[in-house]
There are 2 protein chains.
Amino acid sequence: MHTTVVEVGPRDGLQNEERVLPADVKIELIERSVAAGITRIEAVSFVNPARVPQMADAEEVMAGVPRRGDVSYIGLVLNRRGLDRALAAGVDEVNAVVVATDTFCVRNQGVTTDQAMEAFDAIAKAAADAGVRCSVTIAAAFGCPFEGETPPERVAEIARRAHAAGAHEVALADTIGVGVPGQVRDLTRRVRAAAPGTPLRFHFHNTRNTGYANALAAVAEGVTVLDAATGGFGGCPFAPAATGNIATEDLLYALHREGGSTGIDATAVAATGAWLGEHLGKPAPALLGRAGPFPGIAG
Amino acid sequence: MHTTVVEVGPRDGLQNEERVLPADVKIELIERSVAAGITRIEAVSFVNPARVPQMADAEEVMAGVPRRGDVSYIGLVLNRRGLDRALAAGVDEVNAVVVATDTFCVRNQGVTTDQAMEAFDAIAKAAADAGVRCSVTIAAAFGCPFEGETPPERVAEIARRAHAAGAHEVALADTIGVGVPGQVRDLTRRVRAAAPGTPLRFHFHNTRNTGYANALAAVAEGVTVLDAATGGFGGCPFAPAATGNIATEDLLYALHREGGSTGIDATAVAATGAWLGEHLGKPAPALLGRAGPFPGIAG
């Protein structure tokens, strides 16, 4: 089984860090990721720089990334204004965000879930007009820090609308890391039924140590695209205690040891995770880089 | 599905820590565990105090633990001498260790795997004579830091011999945290075939972030007993980079959110993990205690 691991470290991995990295370090992170074999990268977000200063230099980063035919760069957008910036910066794909619960959606992007879906309709149409792939991430799909349990019917309904709006892919995000494999299976089935034929991607955080179990559960359901962040950094500035993404290197270790392929060098990513930790002034939450060598590490 | 979580923090959680805790703190750890609802505890090991000074006060700890009819205390032993100490100290069960690879077995306990199995025969017989339950942990069942891959046939053969020797339970330990769920499923089937009717227990370390996925995979295979250590501390003094056990509190979170029952209060265990971290002078690797509250935490 081949899994496409989407590197979200340059965006989700850095957007919640106190230390704002300069553009050249972000570009080096992306260069290292590409050299390790990563082919899809959420490189930047085009959001309000006053609210997320870590991403203020999105245009500068996009201008500096290595352009190759086999690597696709994703820009995160929340509205039409962000989309216009993303298109001008030359992204290969845009990824919009709709938070599944109203309280969190208003805190994250100033609109209700319904309003965010309306914005997505406009984003998807404009992206299609521009010939750019457009996916949507349903945030807080497994639980909300403000509202508690997220009804899975609500997630399926957002997926249905995204499908109708022409989303090229739907991602389900456990933004605050509360999910478990049973939820992965349930949501996979619901969303496949609601958005038939639309590829499914998952985005896990390891806040309560369930992220890797969730990722493997998704793969067992036939999901072939997973987000991860080198070093396991990350979190959401607008949710309390939303800690790191699952780490790319640790996900690769699990996938490779399970007999899967990714085309990505886990050892190289682990080295990048340690390097990134030096730039951020804190050790990477990822464990592969700290663990002793073992012959089973697929390079 | 009910899972019995065996608390191994007082033994495996502490045996590799630089700071040697006094007996009264170990006893408090055990008291807190019992108060949280834990009913099986690997409290001590009866090994050479010159080699594992963290466990030198095993008799003192056993003399101080709360005695209740519904709580079973396990003492780890490696040989007949350890067994005699364990019986004199009044343990409810003994757990012997056989490392599945010779290099690691010699480093861990000074004998080859074959010699350790011979020692187990004697331990099992003497324990039966004393009317004490006797289980065996097959260490390095998923991989060896010195020999690499552990042949699963070797693990099954040890289980077969343990079954023949009268082991009341066989535990498979991923001592260095290299395993993945596919191995859990494979070993479960092999060991069940080799030791028919003998209850199976698993012991996972989260060294490469696969420990919780492995635990849930075991439960999915029908395994009902799992080791874990409060706070996620732990490791083996005789293996390089063998880091923490899966944390009891994080395992409970996953099990409870999956709809399972344990009879144990996850929030209380998380508080004990933080308390233990203060005594050890380092933060607990467990994540539940650091994560924000979420209504889904089964107490």
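Two residues are in contact when they have heavy atoms within 4.5 Å. The model is predicted: local features need pLDDT of at least 70, side-chain atom pairs count only at pLDDT 80 or more, and totals for chains, interfaces and linings use all residues. Residues are numbered from 1 along each chain as its sequence is written, chains are lettered from A in the order in which they are written, and side-chain values use heavy atoms, without hydrogens and water.

Start with A:Asp250. Leaving aside neighbours within four places in sequence, A:Asp250 is in contact with A:Tyr212, A:Ala286, A:Leu287, A:Leu288, B:Arg208 and B:Asn209. A:Asp250 lies in helix H10 of chain A, residues 248-257; helices are DSSP runs (H or I) of at least four residues, numbered from the N terminus. A:Asp250 is buried, meaning under 20% relative accessible area with a 1.4 Å probe, protein chains only. A:Asp250 has no salt bridge; that needs a side-chain nitrogen of Lys or Arg within 4 Å of a carboxyl oxygen of Asp or Glu. The nearest side chain of opposite charge, A:Arg290, is 7.7 Å away.

Now the interface. Buried area is the accessible area (1.4 Å probe) that two parts lose on being put together, summed over both.

| Chain A with chain B | Value |
|---|---|
| Buried area | about 2,700 Å² |
| Part on carbon and sulfur atoms | 59% |
| Salt bridges | four salt bridges |

In chain A, A:Arg208, A:Asn209 and A:Phe294 lose the most area to chain B, together 26% of what that side buries. 34 residues of chain A touch 34 residues of chain B by the contact rule. B:Glu258 and A:Arg185 join their side chains in a salt bridge, 3.9 Å from N to O.

Methods
Helices (H or I, at least four residues) and strands (E, at least two) are DSSP runs, numbered from the N terminus. Buried means under 20% relative accessible area, exposed over 50%, partly exposed in between (1.4 Å probe, protein chains only). Lys and Arg count as positive and Asp and Glu as negative; His and the chain ends are not counted.
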